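Dear colleague,

Please find the structure below, handed over for your study.

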Amino acid sequence: MDLSFVILVEMLYAVATLVLISAGLAVVFGMMKVINLAHGEFMMMGGYATITAVNFGVNIFVAMLIIAPIAVGLIGLLVERLVIRHLYGRLIDTMLATWGLSLLFVGLATMIFGNTTTGISTPIPGFTVGNYQVNGYNFFIIVISIMLIAGMLAVLKGTRAGLIARGTMQRSDMASALGYSPDRIYMATFFCGSALSGLAGAVLAPLVGLVPTSGVAYIAKAFITVVAGGPALIAGLISSAASFGIINQVFAFAVSPVIGDVALFVTAIVLLRLMPQGITSRFFKGKL
């Protein structure tokens, strides 16, 4: 019974982590069709923003949930105004530009913070379940991911701003004809996507040692999760994260964490071979 509970928690944690690291990319790539290869670096900056704020005496939860998303969102806003806005509809150019930005951000982070590992301790202690030790911070990540999905669904489906953003991404000409500025909507959407990436990096910062190249560890899983999810933003994010997270943990418990990651990538390859347009192209059609 104790082992079953631990396995269940670890599976939920794996799914929540994939949701968290992929949400920002799902907004930028899934809605805007912008291939942001600097997504991992936005997460890295969220982690550094959290660590810096905590070192200045800011409460860790304020640093993670407020300061880091706003700081990274503002950086994303600057990037969109200076670079991305000139490249909409040009996928290859966008890939090259964001790849260059990722190198720039890594270089700047190395200059400012150095090439040494830094980090902060988790603010929530672990606890014992029978003979097993469970990380209490995992529950915080699960709760944050649930709240994030609920918030995204509420904004995109239940608010006027969300409906306008979705409509603009599908038919920008119609949005313009109705008096809305696609340029401003793209800017606001990229800001939100960047802020979500910063939030992910901030929340995960207490679990990992942060270095300027930390973003590389997240980018592949984030892209696989978003692409495998298919055209539906929320349904695709949940379904692909659940599929990959469960498979990853099953093989991690049965064999080893390395085999778990290998199983995740193999599953993604098979899934995309069987459903090239993603899970929601065959299932959950018409869902957000």
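**Two crossing helices**

The axes of helix H1 (residues 2-32) and helix H9 (residues 216-229) come within 8 Å of each other and cross at roughly 65 degrees. H1 is therefore roughly perpendicular to H9 (the term covers angles of 65 to 115 degrees). Axes here are lines fitted to C-alpha atoms, for helices over the stretch in contact, and angles run from 0 to 180 degrees between N-to-C directions. Helices are DSSP runs of H or I with at least four residues, numbered from the N terminus. The crossing of H1 and H9 is right-handed, that is, the near helix is turned clockwise from the far one by less than a right angle. On the H1 side the contact (heavy atoms within 4.5 Å) involves Leu18, Ile21, Ser22, Leu25, Ala26 and Phe29. H9 contributes Tyr218, Lys221, Ala222, Phe223, Thr225, Val226 and Val227.

Please note that this is a predicted model, in which local features need pLDDT of at least 70 and side-chain atom pairs count only at pLDDT 80 or more, while totals for chains, interfaces and linings use all residues. Residues are numbered from 1 along each chain as its sequence is written, and side-chain values use heavy atoms, with hydrogens and water left out.

**Helix H4**

H4 has 23 residues and reaches 32 Å from its first C-alpha to its last, close to the expected 33 Å (1.5 Å times one less than the number of residues). Its buried residues (under 20% relative accessible area, with a 1.4 Å probe and protein chains only) are Thr94, Thr98, Leu101, Ser102, Phe105, Val106 and Ala109. Among the elements that cover them are H2 and helix H3 (60-82). Just after H4, glycine 114 takes a positive phi of about 85 degrees.

**Aromatic rings**

How many aromatic pairs does a search of the whole structure find? The search finds seven, a pair being rings of Phe, Tyr or Trp (its six-membered ring) with centres within 6.5 Å. One of them joins Phe42 and Phe105 edge-to-face (planes over 60 degrees apart), at 5.8 Å centre to centre and 65 degrees between the planes. Phe42 lies in helix H2 (residues 39-55) and Phe105 in helix H4 (residues 91-113), 63 residues apart.

Phe42 also pairs with Phe190: the centres are 6.5 Å apart and the planes at 75 degrees, so this pair is edge-to-face. Because Phe190 belongs to helix H8 (residues 182-204) and Phe42 to H2, the pair ties together parts 148 residues apart in sequence. Both Phe42 and Phe190 are buried.

Notes
Phe/Tyr/Trp six-rings, centres within 6.5 Å; stacked < 30°, edge-to-face > 60°. Buried < 20%, exposed > 50% of the residue type's maximum accessible area, 1.4 Å probe, protein only. Parallel < 35°, antiparallel > 145°, perpendicular 65-115°, else oblique.
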